[in-house]
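Reader: I would like to learn how to read a model like this one, feature by feature. Could we go through it together?

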Amino acid sequence: MSLSPSQLQVLIAGLGGVAEEVGAVLQRSAFSPNIKERADCSAAVFSADGSLLAQAEHIPVHLGSMPASVAAVIEELGDRLGPGDQAIVNDPYRGGTHLNDVTVVAPCHVDGRLVGWVANRAHHADVGGAAPGSLPADATEIHQEGLRIPPVLLTAEVRELLLSASRTPWERAGDLDAQVGANVVGVRRLARFAGAPFEEVLAHGERRCRAALAAAPQGSWAATDVLDSTGPAADQQRPATVACRVTIGDGEGDRSGEGPAIRFDFTGTDDQRAGNTNAVRAVTVSAVAFVLRSVLDPTLPANAGVMRPVEVVAPEGSLVAARFPAAVGAGNVEVSQRIVDVCLRALAGAMPERVPAASQGTMNNLLVGSSGAGPSGAGEPWVYYETVGGGQGGRPPAPGQIGARPLPGMSGIHTGMTNTRNTPVEALERSYGMRVRAVRLWPSGGDGAAPGGDGIERELEVLEDVTVSLITERRVSRPWGLAGGEPGACGENWLLPGGDEDRAERLGDKCTIRLRAGDVLRMRTPGGGGWGAPPLRASGR
C-alpha cells in the first residue's frame, strides 16, 4: 500500500463526495416531479477500466446494476469517447434494468489520459410503449415497453429520438439535460483525483469483504419464495418460484488462497414467462450486492472490490436472468424485491441475529397517464409514476449489544431495492390532473416480539379520463415472519367508480385499465413480518 489508513479513507470519502454531488445536481436541475421530488435517480464513479469506485446512497437497484451499463459503454464505444462526449444506454440486455431507467455515462480525461468515468441513472416517467409510463401490465415482449437504446454516443439526433418516442417530450428534455449537466460537474470533480491509486480503494473493499466472510458461519443454506403472478392474464395468475442457495467458504472461491468466498446460486428458479415479471442478470447481481452489504456488514464500502469474492449463479432464461426479447419492466421493480427476500431468508439460517423478517416485498408501482383532454390537462398529456412505501420487517436485537431488544419494523417507508421519497401532495396535485383524498398508515404489520411495520392506505381521485397501470406484489403471498413472528398482511388494490364506496371493485395485482373522471383508486400496501414470538396476550395465550 502507498496510502496510510487515514489517507485511504480520505480518498474513499472524496470519491463518494463526487457521486453525491452528481446526484444532488441531477435532482435539483431535473424537470419532472419523479426525479426532482421523488429522487428516482442515482450516481456513481468508476475507474478507467469501469470498476465501481464509489456511489451515492441512492437507489439500490440502480446502483448495483450500473457497472454493467458502464461496461457495455466501454465495450461498445471504448476509446471513441473523448473529452466532452457522453454516452447513453437503457437497454436491459446491455447492462440496463428496465427501459425507463436511462443511464448517461461520461469519460474523465486529464492531459489526454483517461482517469475514469462518471455515470448517473434516472427513471424517465415515459419512454413510449403500449401504455403511459412504459410499464404496461400485459406486456409480453420488451418491444411493447418503449424505446430501447443500445450504448451509443449521446448526440442531438439521439436526444431527439428519445424525446419523440415519449408522450411527454418536454419533460424528457428537461430530465435528460439535467443528467448531462450533472455528469459535467462530476467529470470536473473526478479530474482532481487524477493519479490517485484507485486500485487501493478496490483492494480495501475486497479485504473488508473477505474478513467479514471469514468471521461468518461456513456452510450452505437454501430458501425459496414466490411471486404472486407474472401478469394479468388468467394463465399468468399463478405463483412463480424464486430459489436461492447461499454457500460461504466452500473452497470454490478460495483456489487463489485469497480467502473465503460466497456464492448465490439461483438454480431451481422458474423459467422466464410470457409477462413483464422477468429480471435481467444485472438486476439480480444488484439485489445480491444489496443483501451482501445489509447482512454481512453494512459498513462495507460500495465498490467493485467488495464483489470480487462473490459468485452469482443465475440460470440463463430464468426469471432472474431473462433472455431477449422477454418483457422486463416489472423485473426491475418486483422480481428484485423477491430476490432480496429469498436471499435474506437463506442467510437467516446462517446468521439469524442479523436478518430481519420480510419487509413488504413490493414497490407498489402506480402509473397514470392522460391525453390532456380533461379540464386540468390544459391540452397537454401527462404521465405520473410513483412507488408507494409499506411496512418494514421486525428486526432482531442489534448484534453485540448486551440487553438489546428487538426493534419493530418501521411503517410507511420504502424497503429493499427502492429508496425513493414520496411525491409531496402539493407537487402531485400541481403537476397532474389528480387529487389526493387520503394518505394514512394501514394496520398490516405482522405480530411478534418486534412487530412488522404497517403499510400505507392512499386514495387518488382522477380529475379526467386516464389510463392506469398497476404493477404490485404480495397481494396473495404474505411477507414472512422470522423466529416465531407472524407474517404481515397482504396489500390490496381497489377501484371506487365515481368515488362510491358501495360500488368498490377489487383490482388484480397487475392490470392496465381505463378510469373516468371522478373515479378513485385506493391502494393498501403490505405490512412487514414480525420478528420473534408474539408476547402473551391478556387472555392467557
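Author: Let us start with a strand pair: β15 and strand β18 (residues 510-515) run antiparallel and are joined by six bridges. Two strands pair if DSSP finds at least two bridges between them, while helices (H or I, at least four residues) and strands (E, at least two) are DSSP runs numbered from the N terminus. This is a predicted model, in which local features need pLDDT of at least 70 and side-chain atom pairs count only at pLDDT 80 or more, whereas totals for chains, interfaces and linings use all residues. Residues are numbered from 1 along each chain as its sequence is written, and side-chain values use heavy atoms, with hydrogens and water left out.

Reader: Which residue of β18 stands opposite V468?

Author: That is I513. Strand β11 (residues 365-370) also runs antiparallel to β15, with five bridges between them, and there G369 has T467 as its bridge partner.

Reader: How many residues of β15 are buried?

Author: Burial is read from relative accessible area: buried means under 20%, exposed over 50%, and partly exposed in between (1.4 Å probe, protein chains only). In β15 (residues 466-471), six of six residues are buried. V466, V468 and L470 point one way from the strand, T467, S469 and I471 point the other way, and all are buried.

Reader: What is the strand order in the open sheet of five strands?

Author: The order is β13-β14-β19-β16-β17, with antiparallel pairing. The edges are β13 (434-442) and β17 (505-506); each has a single partner strand, so one side of each lacks a neighbour in the sheet. At the β17 end, two bridges connect that strand to β16 (residues 492-496), and L495 faces E505 of β17.

Reader: Now a helix, please. Which residues of α5 are buried?

Author: In helix α5 (residues 156-165) they are V158, L162 and L163. For α5 the buried residues fall within an arc of 140°, so they line one face of the helix. On the face turned away from this buried side are the exposed residues A156, E157 and S164.

Reader: What covers the buried residues of α5?

Author: Here we look for contact, meaning heavy atoms within 4.5 Å. The cover includes β3 (87-89), β6 (152-153) and α6 (169-191).

Reader: Which residues touch the most other members of the largest nonpolar core?

Author: A nonpolar core is a set of buried Ala, Val, Leu, Ile, Met, Phe, Trp, Tyr and Cys residues joined through side-chain atoms within 4.5 Å. The largest one has 77 residues, and I88, F264, F266 and L296 touch the most other members. Helix α9 (residues 329-350) gives the largest share of this core, 12 residues. A second, separate core of 28 residues includes V18, L26, I35 and A182.

Reader: And what does F266 touch?

Author: Leaving aside residues up to four places away in sequence, its contacts include A243, C244, V288, I339 and C343.

Reader: How many disulfides does a search of the whole structure find?

Author: A disulfide is a covalent bond between the sulfur atoms of two cysteines; the test is a pair of cysteine sulfur atoms within 2.5 Å. The search finds zero. C244 is in no disulfide, as the nearest cysteine sulfur, that of C343, is 3.9 Å away. C244 is buried, with a relative accessible area of 2%, and C108 counts as buried at 0%.

Reader: Last topic: how many aromatic pairs are there?

Author: Rings of Phe, Tyr and Trp (its six-membered ring) pair if their centres lie within 6.5 Å; planes under 30 degrees apart count as stacked, over 60 as edge-to-face and the rest as tilted. The structure holds three such pairs. One of them, W382 with Y432, is tilted, at 5.5 Å centre to centre and 50° between the planes. W382 belongs to strand β12 (residues 382-387) and Y432 to the loop between α10 and β13, 50 residues apart.

Reader: Why is the pair of Y384 and Y432 edge-to-face?

Author: Their ring centres are 5.2 Å apart and their planes are at 65°, so the pair is edge-to-face. Y384 lies in strand β12 and Y432 in the loop between α10 and β13, so this pair ties together parts 48 residues apart in sequence. Both Y384 and Y432 are buried, and ring pairs link W382, Y384 and Y432 into a cluster.

Key: Arc of directions from axis to C-beta.
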